Amino acid sequence: MRSIMALPWGLMLLVTLQIFTGSTSGTHVTSCDLCHDDAVCVKSRERGDSFINHELLSCVCSNGFVGDGLACYNIKLCSDSPCCSQGYQWSTERGCVDINECSLPDSPCAPTQVCRNTPGSFECLESSSSSRSGPSLHSVSFSCGNATCPSGMDCIGLNGTVRCVDPCQHYTGLNDHWRSTNYTSPQDIHCDRDVNWQGWYRLFLGHTSAHIPERCLAEYSCGTHAPLWLTAPHPTQPGQIVQRSVCGSWVGECCWSRTNNIHVKLCYGNYYVYKLVAPVTCALAYCAEVNGTDTVVSPTTPYPRPHTSASNQANMTAPTTPAHNSSAVEGQVRLVNGNSSCAGRVEIFHSGQWGTVCDDSWGVVDAQVVCRQLGCGRVLSAPSSAAFGPGSGPIWMDDVRCTGSESKLTQCSHQGFGSHNCGHHEDASVVCEARSQVRLVNSTSRCSGRVELYHAGQWGTVCDDGWDLRDANVVCRQLNCGPARSALSNAAFGQGTGPIWLDDLTCYGNESSITDCRHSGIGVHNCAHFEDASVICEAQPEFNSTVVPPTPPIPDLIPTTPAHNSSAVEGQVRLVNGNSSCAGRVEIFHSGQWGTVCDDSWGLSDAQVVCRQLGCGPVLSAQSNAAFGLGSGPIWLDEVNCTGSESRLTHCRHQGFGSHDCGHQEDAGVVCEVLHNSSAVEGQVRLVNGNSSCAGRVEIFHSGQWGTVCDDSWGVVDAQVVCRQLGCGRVLSAPSFAAFGPGSGPIWMDDVRCTGSESKLTQCSHQGFGSHNCGHFEDASVVCEAPPSDLTSQLVCGQFRFGVGLDITHVTSLGFNPFSGNMASNNCGRIRVHDNVVWYEVDARDGACGNTLTINRMHAIYSNILFVYPLNNTSFRTPVTVPFSCAYPLETEGSLNVAIRPFLAPADGLSGLAAKAQTFMYLFNSSDYSGHYPPGEVSLPVGSPLYVGFYVALLDISFAVVLEDCYATPTSNPNSMRHYFIQNKCPTDRQQVSVTENGSSLWAYFTALLFLPQEHYQNVFLHCSVSLCNMKHSSCAPHCGSRTYRSVTNSEVLKPLTIGPIIWESPQRAENIH
């Protein structure tokens, strides 16, 4: 059986499902190569809602044997003599089965321990005093000889002696750059199956401690095919060892490969160590990533010394503590080597030099003084024994004894500076509670603005679901800004960027930090940034650096939105320097700042979009060369190319924000028609500055002029009347506080009160036209549900997968949830977000996520439908459908005999054409096809066998490569004089040609002997013409038992491929070489 290591798709041979029914029922596999020699490979078809809906293979033991098909046991032999390893027992129905030691009458574990069965063995688990370590409520204990190691220790061999030790102090550093989740190179593939894993490991990326990700990862990341990730969170309680399951992501399945369990421990110093095991197949590898909670080990900080050495081990031994510091003051303290300024090794500044504190008598009372002095929260722990690594330099304090009321560590009693009997292995440490950091941005005052929370090294926003004054009061108190005046929603201070950290927040109002309130979980939400929560606090004190927590020292940390403008929203446009709001220099709001548009390619179609977005009349002219004066600040857009039908300028094609080759002398301008009574009628309403005509700021036409509506008493009942008057769908929200930007001109209506049955807004009661006590920062807005026909999308047909893209802002403005989509098969496929577009991707494979495949003479066509659901879908409503199809060229010379199948109609949907499948032809240097010659000339002795392989890069493994004709020519022209090896799918001479594989996979192989053509030593070129055959609909392997029988599969012939030249060496030259 040929080795699978030469296959790029070797991963597809992994066992995916094992079934036991009380008797031998076999194991599902993706290749018959995995079956035991005494097993047969059975074909079946899988039905239902599974991810892959195609022919399945199962390994089943032959008659006279029992087992799972991967291992089969001779019933007679094993009944007479032992066949099973230790920890397994013989079963006449199932072969060797695991012994459940935990079910024996005498438990192998101590009475206080919990026994957990493992394959061939068992584990003794100790109950944890806290459930903070995640899903597992038990820590793992390890046996060592006749004893059981204490909690948090493992039985490790050191200097020839096996004993219980702390893996946090005895591990191997694993520092491979390719393990990073950002490393995606399909050509550089690594496999951890072949690593001799022994003991414990700590992951590094450069100088930073890393950890295994806790989320599904994209295939081909982390320098491997199927990256491995943890299926449950890391432990959060130091000192205990827990067990975690690891999965590998592949072909769209997050847990396509489930490897053996690993062990994890959280160490003091906030880093993890892992007891890793080898995956079951290749190519799988453990991933590593870094976030704001991982420990940065600077070049001046050593890694704790590991117990073994390895080629990839991190070895750094520079001193931890700089000798002098000119800015520190006497008695100042700091915490070093932790994940924040509130955790680490204690160091104190004395006599111009930093030094450490000995852990003799060190406890939580002493540690609390350090936390207080540093302005951190309450003490969490007081680790000893250099838990954050040994320092260097002087040891300033020993036998420290604090009462707990001191404000500085120097006020506590101690032996005297420099008086001690310690070494740096006894350096004291502290872990304090770091208070959650919150800020208010995009306002002129630090006590009002959009709420942002600092977590995991990054600022993010808070969703307004359930947001009220009680939540706002907590924020104001946390910032020392007095009570809250208002709790604003709908991104009243502009939309943020980056993560949304909190949603469904529920505070009682007396919490000291916003993170103390109930919420859905950090990073768990169903919101977009147009729902960012904001606060206005009553007190407006001057900025005081002791009140607002500083931003942690993360390099190049950028706030989500600079506070340059407190009212404009992302993508808003305005016309400046003209004689009305409908004429002037075009400016657009982006990343918190107004900027201009370059006039390159600027024309009437582009200007019309600006006029429409501003609610003005038709475009009159598109001005260039800074006709309305030079702007300042950034030039946001260049090479704008609109079709004229877009509702917003950002929907038009352009170079990308900030990408241009212009100066302000090229600023674009627009002149639109100002709508007076020439077109608008009394009482007409419109929605301005939204993504469509059904969302935006409410404006009403009165006395020949457009004006706004004040948000006093404004609600969804009033908004529903506007939606009805405009012919839009039901109301989705009634934003206030100028959520779509402040208007200009008169404020026509205030205190509007509708019953909900009115057909026009003017029929609702109000104060009277022009009677109000408002400003434009209180302009009312409406978001109505738009007709489904406005849901536009994009389609990309890639070689291995295709994707449908939805513009998040546009789809949301139409009342649909851009993240709610699913294919014909629910909860299937992968989702990613890029440049404000959410992409739904599915593999180019028949049956994947409900794909249907139809084949004609020229193309293989995959079709599917994307279903998108409305926002706030509290009752049953039919989703919008986006049909799409991708056609993949086959360059056929024949036709496929395809059975009629139910067709997923792509009518009026998206369609795209993909590139041709990539084909590769190789000349291998050995009979196992494990290595091939590089492109170019190859010199071989006469009579040498030629090992030839052909591969077609397709993800759909229902296709097979069939060798049609393979031949040699004296030139690179395939139409010159031919010497055939394979013709009409079969060998021409079985004494000189052997077909190894043909018509059974995306690979095909043959071996041939070639002697001198035409009695001359001249170059030889090899050519192969192959076809693609669908194995689901016909038998693709040629039948060549007789020259009169030929395979009649209707397969698709591809363009021939050529390799060479091959230079034949004369016998004399060959003898000289050897």
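Start by selecting arginine 978 and tyrosine 967: the arginine lies over the face of the tyrosine, at 4.1 Å from the ring centre. Here a charge counts as sitting over a ring if NZ of Lys or CZ of Arg is within 6 Å of the ring centre and within 35 degrees of the ring normal.

Before you go on, a word about what is on screen. This is a predicted model, in which local features need pLDDT of at least 70 and side-chain atom pairs count only at pLDDT 80 or more, while totals for chains, interfaces and linings use all residues. Residues are numbered from 1 along each chain as its sequence is written, and side-chain values use heavy atoms, with hydrogens and water left out.

**The whole protein**

Zoom out and colour by secondary structure. You are looking at seven helices and 68 strands; helices (H or I, at least four residues) and strands (E, at least two) are DSSP runs, numbered from the N terminus. Of the 1074 residues in the protein, 51% are buried. Buried means under 20% relative accessible area, exposed over 50%, and partly exposed in between (1.4 Å probe, protein chains only).

Now show the surface. The protein exposes about 47,300 Å², and carbon and sulfur atoms supply 50% of that area; accessible areas come from the Shrake-Rupley method with a 1.4 Å probe, and for residues only the protein chains shown count as cover.

**Aromatic stops**

How many aromatic pairs does the structure hold? There are 22 aromatic pairs. Rings of Phe, Tyr and Trp (its six-membered ring) pair if their centres lie within 6.5 Å; planes under 30 degrees apart count as stacked, over 60 as edge-to-face and the rest as tilted.

Select tyrosine 454 and tryptophan 459 next. Their ring centres are 5.1 Å apart and their planes stand at 65°, so this pair is edge-to-face. Tyrosine 454 is buried at 12% relative accessibility, and tryptophan 459 is buried at 4%.

For another arrangement, go to tryptophan 1003 and tyrosine 1005. With ring centres 5.3 Å apart and planes at 5°, the pair is stacked. Tryptophan 1003 is buried at 5% relative accessibility, and tyrosine 1005 is buried with a relative accessible area of 0%. Widen the view to Tyr922, Phe924 and Tyr951, which ring pairs link with Trp1003 and Tyr1005 into a cluster.

Show the cysteine side chains. The structure holds 26 disulfides, a disulfide being a pair of cysteine sulfur atoms within 2.5 Å. Here are some to visit.

- Cysteine 61 and cysteine 72 are joined with an S to S distance of 2.2 Å. The link is left-handed, with -90° about the S-S bond. Cysteine 61 lies in strand 4 (residues 55-61) and cysteine 72 in strand 6 (residues 72-74), so the pair ties together parts that are 11 residues apart in sequence. Both cysteine 61 and cysteine 72 are buried.
- Cysteine 144 and cysteine 155 are joined at 2.1 Å, S to S. This link is right-handed, with 55° about the S-S bond. Look for cysteine 144 in strand 12 (residues 143-144) and cysteine 155 in strand 14 (residues 154-158). Cysteine 144 is buried at 12%, whereas cysteine 155, at 23% relative accessibility, counts as partly exposed.
- Cysteine 754 and cysteine 764 form a disulfide with sulfur atoms 2.0 Å apart. The torsion about their S-S bond is about 105°, so the disulfide is right-handed. Both cysteines are in the loop between strand 48 (747-749) and strand 49 (781-784), 10 residues apart. Cysteine 754 and cysteine 764 are both buried.

Where is serine 381 found? Select strand 29 (residues 379-381) to see it. Serine 381 is buried, with a relative accessible area of 16%. Leaving aside neighbours within four places in sequence, its contacts are Tyr268, Ala367, Val430 and Val431.

Move on to proline 383, in the loop between strand 29 and strand 30 (395-397). This proline is buried at 6% relative accessible area. Not counting residues up to four places away in sequence, proline 383 touches several residues, including Tyr268, Trp362, Phe388 and Val430. To finish, draw a distance from proline 383 to arginine 345: they are 38 residues apart in sequence and 8.8 Å apart in space, C-alpha to C-alpha.

How values were computed
Contact = heavy atoms within 4.5 Å.
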